[in-house]
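Please read it with the structure open beside you.

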Amino acid sequence: MVIVGAGFGGIGMAIELRRHGFEQITILERGPELGGTWLYNSYPGCTCDVPSHLYSFSFAQRRDWSRLCSPQSEILAYLRGVARDHGVDGLVVPDTEVTRCRWGDAQRRWSIESADGRRWCADALVIATGQLHQPKIPRLEGAERFRGHSFHSARWDHGYELAGKRVGVVGTGASAIQFIPEIAREVARLTIFQRTGNWFLPRRNRPYPRPLRAAIERIPGLQALRRRLIYAYAESLTVAIRHPRTVGRVGALYSAAFMRRQLRDPELRRRAWPDYPFGCKRILFSSYYLPTLGESHVELVTEPIERLSERGVITADGREWELDCVIWATGFHTERFMYPMEIYGRDGRALHEKWEQEGAHAHLGVTVAGFPSLFLIYGPNTNTSGGSIIHFEETQARYIRQALEQVQARRCAAIEVRPEVEASSDRELQARFDGTAWTMCNSWYRDRSGRIIANWPGYMREYERRLRELDPTEFKFVPLPERKPAMLAA
Ligand code: NAP
């Protein structure tokens with residue numbers, strides 16, 4: 001078994017397989033060690049906005065989280081610890097960028113190649129590279145002329161001293177709003193270039209007071225209860241998104257009241273205000289970001305960026321903003337999934353070409369017709385706007401393990417979803433977006449044609465229910481290749 005990616009998805013997959021007797025597993029990882037998102041994103045203030053009691057493996061619950069939403073270092077240490085405890089850390093082959101995976105029609109196996117020419121062979125291939133791993137920097141005229149420093153939020157340059165500098169931040173998404181209040185404390189001037197305002201909900205995220213922490217650690221069931229309550233809260237965000245004209249309105253009213261309290265200056269409020277329905281883009285949690293906008297050395301710029309000059313950013317009104325450093329908080333190439341990694345399935349068909357023609361999709365986000373025993377973790381339409389992606393990934397890992405057990409039990413080479421099953425589940429899934437907030441603005445959840453390719457259209461519990469038991473009738477089973485005399489002789 002080869003798994004590509006040693007983030008939460010890949011590590012969770014390896015643990016699931018190991019627990020069910022699958023021994024020969026290799027995890028290929030581009031980075032220097034396991035961690036995925038939590039290794040690459042290390043910007044100041046980096047935290048998971050999903051509470052840790054939910055944003056953690058169900059089988060490795062911890063009672064000693066330092067606060068509701070843990071910082072990056074704590075999450076990374078948790079993932080390393082879980083991998084070590086389950087004996088899968090040693091399966092990771094670091095510094096290995098997979099460039100090509102090819103299904104052999106004759107051998108009925110996958111062959112996997114890395115950028116430096118190494119090769120692996122596998123009965124099954126799991127791609128666990130996720131949706132948010134390729135930093136995106138917009139192509140702007142004059143970018144090469146800019147003489148200042150620049151970097152992307154997901155590749156934070158810790159060697160660059162921001163103190164006393166004139167810093168520009170492009171983008172105001174979930175990443176930006178976490179580091180802006182942190183760097184505002186040290187920079188001389190902070191210019192924030194916003195294209196779209198966002199909906200905010202309060203989140204102070206202070207360290208747990210000692211008595212609460214002690215109670216969580218000592219009172220049996222309290223941590224499990226917190227997990228259940230957080231789960232229910234996360235599902236309620238999805239209710240608001242699914243029903244924008246009813247529950248969504250209540251959510252918007254609550255958010256607007258909070259935002260009004262935080263933004264006293266009417267002009268600043270006007271500029272920071274979102275122009276799309278509540279929940280269409282990710283709802284942001286922070287009690288610190290909006291007040292930062294009102295600080296005297298901080299400016300919120302809503303004029304579109306036109307180009308870069310030697311000295312800084314030039315906006316559409318012709319104004320030049322002189323900067324020492326530009327931080328791109330402009331998100332990720334989400335529509336590409338694992339691309340530029342090339343994946344060739346049966347008859348040499350390329351996955352990226354299939355997805356370019358049809359829009360990215362996979363049956364339940366996991367299996368793709370024409371690609372035997374290829375499985376995706378955090379594939380198309382499995383992102384969540386309110387819940388925990390780890391919950392989705394665990395569900396997927398169990399489903400994939402069941403698929404592999406079917407292959408073993410039937411003594412065949414591989415399992416492949418029937419094209420008609422994939423097509424009908426995709427139609428059903430896409431129809432479920434009708435009338436939801438996700439369809440009411442442009443976001444990274446959609447591809448160029450407007451099709452929503454990132455998000456699951458429903459609740460966490462529905463996804464779990466749908467994947468709980470793999471239905472073998474939805475699949476074809478590829479027989480083992482006939483042994484050829486030459487092979488027998490060998
Ligand atoms: P993002 O949500 O895609 O935000 C990118 C920002 O850059 C947006 O404000 C976008 O504006 C802006 N932008 C993009 N291109 C631009 C351009 N050419 N000119 C001006 N502005 C531009 O990226 P992100 O903040 O890195 O977050 C991505 C996802 O990662 C999140 O949605 C979330 O799923 C995940 N994340 C999670 C956490 C967490 O705590 N769990 C934290 C960070 C990130 P528009 O809105 O107009 O497109």
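**Notes on the predicted chain**

1. The accessible surface of the protein chain is about 21,800 Å², with 49% of that area belonging to carbon and sulfur atoms (areas by the Shrake-Rupley method with a 1.4 Å probe; for residues, only the protein chains shown count as cover).

2. This is a predicted model, in which local features need pLDDT of at least 70 and side-chain atom pairs count only at pLDDT 80 or more, while totals for chains, interfaces and linings use all residues. Residues are numbered from 1 along each chain as its sequence is written, and side-chain values use heavy atoms, with hydrogens and water left out.

3. The secondary structure comes to 14 helices and 21 strands, taken as DSSP runs numbered from the N terminus (helices H or I, at least four residues; strands E, at least two). The radius of gyration, taken over C-alpha atoms, is 24 Å, close to the 23 Å from the globule rule for 490 residues, so the chain is as compact as a globular protein of that length; the rule is 2.2 Å times the number of residues to the power 0.38.

4. Of the 490 residues in the protein chain, 56% are buried, meaning under 20% relative accessible area (1.4 Å probe, protein chains only).

5. The domain assignment, whose bounds come from an automatic or database source, gives domain 1 (2-134 + 333-478) and domain 2 (143-199 + 246-328). Their C-alpha centres lie 31 Å apart, and the contact (heavy atoms within 4.5 Å) takes 21 residues from domain 1 and 19 residues from domain 2.

Methods: Buried means under 20% relative accessible area, exposed over 50%, partly exposed in between (1.4 Å probe, protein chains only).
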